[in-house]
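My entries follow in the order I made them.

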Amino acid sequence: MSSTFRAPAGAATVFSSDQKIRLGRLDALRSSHSVFLGRYGRGGVSVPPSASSSSSSPIQAVSTPAKPETTTKRSKVEIIKEKSNFIRYPLNEELLTEAPNVNESAVQLIKFHGSYQQYNREERGGRSYSFMLRTKNPSGKVPNQLYLTMDDLADEFGIGTLRLTTRQTFQLHGVLKQNLKTVMSSIIRNMGSTLGACGDLNRNVLAPAAPYVKKDYLFAQETADNIAALLSPQSGFYYDMWVDGEQFMTAEPPEVVKARNDNSHGTNFVDSPEPIYGTQFLPRKFKVAVTVPTDNSVDLLTNDIGVVVVSDENGEPQGFNIYVGGGMGRTHRMESTFARLAEPIGYVPKEDILYAVKAIVVTQREHGRRDDRKYSRMKYLISSWGIEKFRDVVEQYYGKKFEPSRELPEWEFKSYLGWHEQGDGAWFCGLHVDSGRVGGIMKKTLREVIEKYKIDVRITPNQNIVLCDIKTEWKRPITTVLAQAGLLQPEFVDPLNQTAMACPAFPLCPLAITEAERGIPSILKRVRAMFEKVGLDYDESVVIRVTGCPNGCARPYMAELGLVGDGPNSYQVWLGGTPNLTQIARSFMDKVKVHDLEKVFEPLFYHWKLERQNKESFGEYTTRMGFEKLKELIDSYKGVSQ
C-alpha cells in the first residue's frame with residue numbers, strides 16, 4: 001500500500017518493508033579506487049582486511065582523500081550503530097517486549113527515530129519509564145493538520161502539554177512504550193515526522209519563522225527545506241519501524257536528488273542505502289541554520305553550519321555566506337570542552353549550496369572523532385585543524401574553492417512577537433510562550449483558534465509560536481480570545497520574559513543537575529525586582545537563559561546572563577553575551593546558590609545603570625569592565641545609595 005501527501009522536507013525517500021537490506025561482511029567499505037583504508041573504512045566502520053570487495057555487500061566508498069592506515073578506538077555507540085542494520089536492531093525487538101523500557105543499545109538507536117527514553121527522577125520506589133518524542137519541522141513550519149494531531153496526542157498519550165523547542169520543533173513528553181507506534185504513526189500520517197530529530201545526524205534545520213512574502217525570506221526557507229531533505233536518512237528504517245514499511249512519498253526537488261546522488265568528488269558510499277551517512281552516520285549531532293542578513297532569530301553562530309542568503313541590489317538571491325564550527329555543549333571542570341561560535345568559511349553561488357553543505361558534512365563524517373563523544377562535534381575538529389586546513393579539505397569534497405565571504409550588515413535578534421503584515425495582504429501574529437510550554441487554558445484556546453480559522457503555525461527558535469495567514473477581519477476576535485487565555489501582545493509581556501529561555505530539566509531530563517524551566521519564572525521575577533530596586537526602567541532588559549546542565553540546549557552561552565546548573569539548587573554564572581547573539585559569554589562564577597542570586601546580580605545591575613556608556617547593553621558592559629573589576633564591585637557593594 002502506498003500513500004501520498006506533502007510532508008516536511010526530510011521525510012521523503014522510503015524503502016518498503018519487503019526490501020531486504022544486508023550488511024554483508026562490511027569489507028566493501030573499501031575504496032572503489034582500490035585504495036585500502038586500513039582497518040577502518042569510511043565513517044570508522046570496522047573493515048576486515050580482505051583481498052577483494054565482497055559482492056554480497058551493497059556498501060562501497062570512494063576514498064577522496066585516502067586516510068592513513070591507523071587503528072582507532074571507537075566509542076560504544078559507534079559499535080551499536082555498526083551492528084544495527086541501519087538503525088533497526090535491536091530496537092525492533094525491544095519494542096515488542098512487555099518491559100516498559102528498552103535496553104541500552106535500543107536507547108541509542110531510538111534517538112535516530114526522534115525519541116529519548118526518560119523516567120521521572122522525582123518518583124521514589126522504582127523507575128517510571130516513558131519516552132519523549134521530538135518532531136522535525138524545517139523552518140519551524142507546522143501544517144494545521146499536524147498541529148491539531150500533536151494537540152490530540154499530548155492529551156491522549158502524553159502529559160497534557162506540548163513543548164516548543166529552541167530548534168523550532170515540538171516535544172511530546174510522557175509517551176509510554178506501548179503507545180509509541182500509535183503516536184509515531186499518527187504523526188507520520190498527518191504530515192509530520194520525527195526522523196532525525198535526535199541522534200548522530202543532521203537535526204532540524206532552522207530558518208526565520210516569519211512568513212514574510214519576501215524573496216530572501218522565502219529563499220532561506222526553501223533552502224532550509226532542501227538541506228533537510230538532502231541530509232535525511234534514506235534507508236527506510238524509520239518507516240519500517242513505525243508504519244510497517246508503508247511508503248509515504250513526497251516529490252523532492254530534482255536539485256536535491258542530484259546533489260545527494262552526486263559522487264564526483266568521492267563523497268558517497270556507493271550502492272549503500274545511506275549514500276551520505278553509511279552504516280556509521282555522523283560522529284555526533286549536527287545542526288544547520290539558514291537566515292537572511294540582519295535576522296539573527298536563529299542564533300546563527302551556534303550551529304555546525306550557518307547559511308546566510310546574499311542578494312543583489314534588486315533583492316534577488318545570488319548565493320550564500322557560510323559559517324562553520326558553532327556548538328554549545330561542554331562538560332563542567334573539563335576545559336578541553338567548550339562552547340564555540342561558528343566562523344566564516346566563505347561564499348558559494350546559490351546553485352552550489354547543497355554541494356557545499358554536503359562537503360562540510362562529509363568532512364566531519366570522515367574526520368570527526370569517534371573515540372570519545374565529548375569531542376565528536378565538528379567544532380573540535382575545526383579547533384584542532386584551524387579554519388584554513390578545514391577549508392582545504394572541504395574544498396576537495398566540494399570540488400571548488402570557496403569565494404571570499406560577502407560583507408553583511410549588523411545582526412539583530414528578531415522575535416516576531418505581535419502583529420505583522422506578511423506582504424500578501426494577510427497578517428501573522430507572534431505569541432510569547434514562557435519556556436515554550438503550551439498547556440492548560442493556553443493550549444485549549446490555541447487549539448480553538450487554530451482549528452476555527454484553519455491556521456498554519458510556525459515555531460520560533462526562541463520557543464514561541466507564530467499564527468500565519470490571518471485575514472484582517474480576524475485580527476480583533478483572535479486578539480481578544482488569545483488575551484483572555486494569557487496569550488498577550490508583546491507590550492503586555494515583561495521584556496525580560498520576551499528574550500528568556502530555559503530547557504525542561506527536571507523532572508524528566510536524565511542530564512539535569514538542577515532546575516531550569518520550573519525555576520526560571522521566579523528568577524525572572526527576582527531580576528525584575530532588582531531592576532526596580534536599582535532604578536532601571538521597565539522597558540530595559542537583559543537576555544537571560546537557564547539550563548539545568550552544561551549541555552546548553554537553551555544556548556545559555558550566548559546570553560548576557562546565563563545560568564548553567566552545576567549542582568543542586570546551584571548555578572554557574574556566565575556573562576558577556578550580547579542582545580544580537582553574536583558574542584559568546586564567559587564563565588564568571590561557579591556554585592552560586594539560587595537563594596544567593598541577588599548578592600551577585602544586584603551589584604552588577606546597579607553599577608551597569610550608573611556606569612554604562614551610551615546604549616551599552618549589560619553584556620557589553622560586563623565585557624568592558626572585566627571580571628576582576630566586576631567581582632570587586634560585588635564584594636564592595638553596600639546597597640543602593642539614595
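These notes go from the whole chain down to single residues.

**Ground rules.** I am working with a predicted model, where local features need pLDDT of at least 70, side-chain atom pairs count only at pLDDT 80 or more, and totals for chains, interfaces and linings use all residues. Residues are numbered from 1 along each chain as its sequence is written, and side-chain values use heavy atoms, with hydrogens and water left out.

**Whole chain.** I counted 18 helices and 23 strands in the protein chain. Both are DSSP runs numbered from the N terminus: helices are H or I with at least four residues, strands are E with at least two. Of the 642 residues, 62% are buried. Buried means under 20% relative accessible area, exposed over 50%, and partly exposed in between, with a 1.4 Å probe and protein chains only. I then checked contacts, meaning heavy atoms within 4.5 Å. Among those between residues at least 6 apart in sequence, 71% join residues at least 24 apart.

**Helices α6 and α8.** At what angle do α6 and α8 pack? I read about 40° between α6 (residues 215-230) and α8 (residues 254-261), with the axes 9 Å apart. That makes α6 oblique to α8. Axes are lines fitted to C-alpha atoms, for helices over the stretch in contact, and angles run from 0 to 180 degrees between N-to-C directions. From α6, I listed E222, N226, A229 and L230; they meet E255, V256, A259 and R260 in α8. By class, this contact has 4 nonpolar, 1 polar and 3 charged residues. Nonpolar covers Ala, Val, Leu, Ile, Met, Phe, Trp, Tyr, Cys and Pro; charged covers Asp, Glu, Lys and Arg; the others, Gly among them, are polar.

**K215.** K215 lies in α6. Its relative accessibility is 46%, so I count K215 as partly exposed. Which residues does K215 touch, beyond those up to four places away in sequence? I found G315, E316 and P317. K215 and E316 are 101 residues apart in sequence, yet 6.8 Å apart in space, C-alpha to C-alpha.

**Strand β15.** All 5 of the 5 residues of β15 (residues 427-431) are buried, so this strand is largely enclosed by the rest of the structure. W427, C429 and L431 point one way, F428 and G430 the other. Strand β14 (residues 418-421) runs antiparallel to β15, joined by 4 bridges. Two strands pair if DSSP finds at least two bridges between them. W419 stands opposite C429. The β14-β15 hairpin has 5 residues between the strands, and G423 takes a positive phi near 110° there. Strand β18 (residues 465-470) also pairs with β15, antiparallel over 4 bridges. Here G430 stands opposite V466.

**Strand β13.** I found 5 of the 7 residues of β13 (residues 343-349) buried. It is joined to antiparallel β12 (residues 317-324) by 6 bridges. G319 stands opposite P349.

**The five-stranded sheet.** This open sheet has the order β19-β20-β21-β22-β23, with mixed pairing. The edge strands, β19 (501-502) and β23 (586-593), each pair on one side only. β19 and β20 (residues 544-547) are parallel over 2 bridges, with A502 partnered by V546. Helix α16 (residues 597-611) lies across β21 (561-567), β22 (570-575) and β23, running at about 140° to β23.

Technical notes. Parallel < 35°, antiparallel > 145°, perpendicular 65-115°, else oblique.
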